[in-house]
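Hi,

Here is the structure I promised to pass on.

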Amino acid sequence: MKKLIFILLASFSLVSVAQEELKEGVISSKMTMSSDNAEMNSQLQMMGETKITTYFTEDRVRAETSSPMSGETITIVDKEKEKVLTLLNNPMYGKKFSITDYEVPEDLGDDIKITKGDQTKTILGYDCQQYNVTMKADGVDMTMEIFATDQIKAQTQETSQFGDELDGFPLFMKINVLQQGMKMTLLYDVTEVKNEAVPNNMFDLTPPEGYSKMEDQ
């Protein structure tokens, strides 16, 4: 279960950027998790609220994810240099880093079904369209309700695999996960979008002092 939680957190920390209207700025968001299973829900509540801050330019992004239990994760993507730096500061593993090649996310094919919903809503001043998604991966069933705006041309790693079937950047997501009979719900909300310049040093791909290389498992 802990492995599943870390995978879900990681999937929300990475953003692949392709802006038009908003080409540079900062996006703040939060994620909470709950379950109808008492034992799992207790562990999820101990994790607390996950906060995500994303700094981006047209071809670079820095996503900072923080939660009380899992610690801090920083992911820096430079599409021009085709590199991804991941920094992990975790109570269990300490300070680790990895540098990998940037790869365009692959489509999951028949395992994903996306339908455009009938609802629209305004979030933080942006017009959002509802999308409903069902998918299955690695034995995990997921359903998603997403409200996305086409006024921000950026994509989370989680939704970039949906291609042209989901138009826009998600400002709200409700994700229901079913694994081995246990249900978990994730709520993802963007709380602030700022159009501002981001310093170049935020995208430095050099691992900081005190971080050791993450070994392949």
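Phe147 and Phe172 are both buried (buried means under 20% relative accessible area, exposed over 50%, partly exposed in between, with a 1.4 Å probe and protein chains only). Before you go further: this is a predicted model, where local features need pLDDT of at least 70 and side-chain atom pairs count only at pLDDT 80 or more, while totals for chains, interfaces and linings use all residues. Residues are numbered from 1 along each chain as its sequence is written, and side-chain values use heavy atoms, leaving out hydrogens and water.

Back to those two rings. The structure holds one aromatic pair, and Phe147 and Phe172 form it, tilted, at 6.3 Å centre to centre with 50° between the planes. (Rings of Phe, Tyr and Trp, the last by its six-membered ring, pair if their centres lie within 6.5 Å; planes under 30 degrees apart are stacked, over 60 edge-to-face, the rest tilted.) Phe147 belongs to strand 10 (residues 140-149) and Phe172 to strand 12 (residues 169-179), so the pair ties together parts 25 residues apart in sequence. The charged end of Lys121 sits over the ring of Phe147, 4.5 Å from its centre, and also over the ring of Phe172, at 5.5 Å. For that, NZ of Lys or CZ of Arg has to be within 6 Å of the ring centre and within 35 degrees of the ring normal.

Now the overall fold. The protein has three helices and 14 strands, taken as DSSP runs numbered from the N terminus (helices are H or I, at least four residues; strands are E, at least two). Twelve strands make an open sheet with mixed pairing, in the order 8-9-10-12-13-2-3-4-5-6-7-14; two strands pair if DSSP finds at least two bridges between them. At the edges are strand 8 (112-123) and strand 14 (212-213), each pairing on one side only.

Gly25 counts as buried because its relative accessibility is 0%. Its C-alpha atom is 5.9 Å from that of Tyr55, 30 residues away along the chain. Leaving aside residues up to four places away in sequence, Gly25 touches Thr54, Tyr55, Phe56, Lys194, Asn195, Glu196 and Val198 (contact means heavy atoms within 4.5 Å).

Cheers
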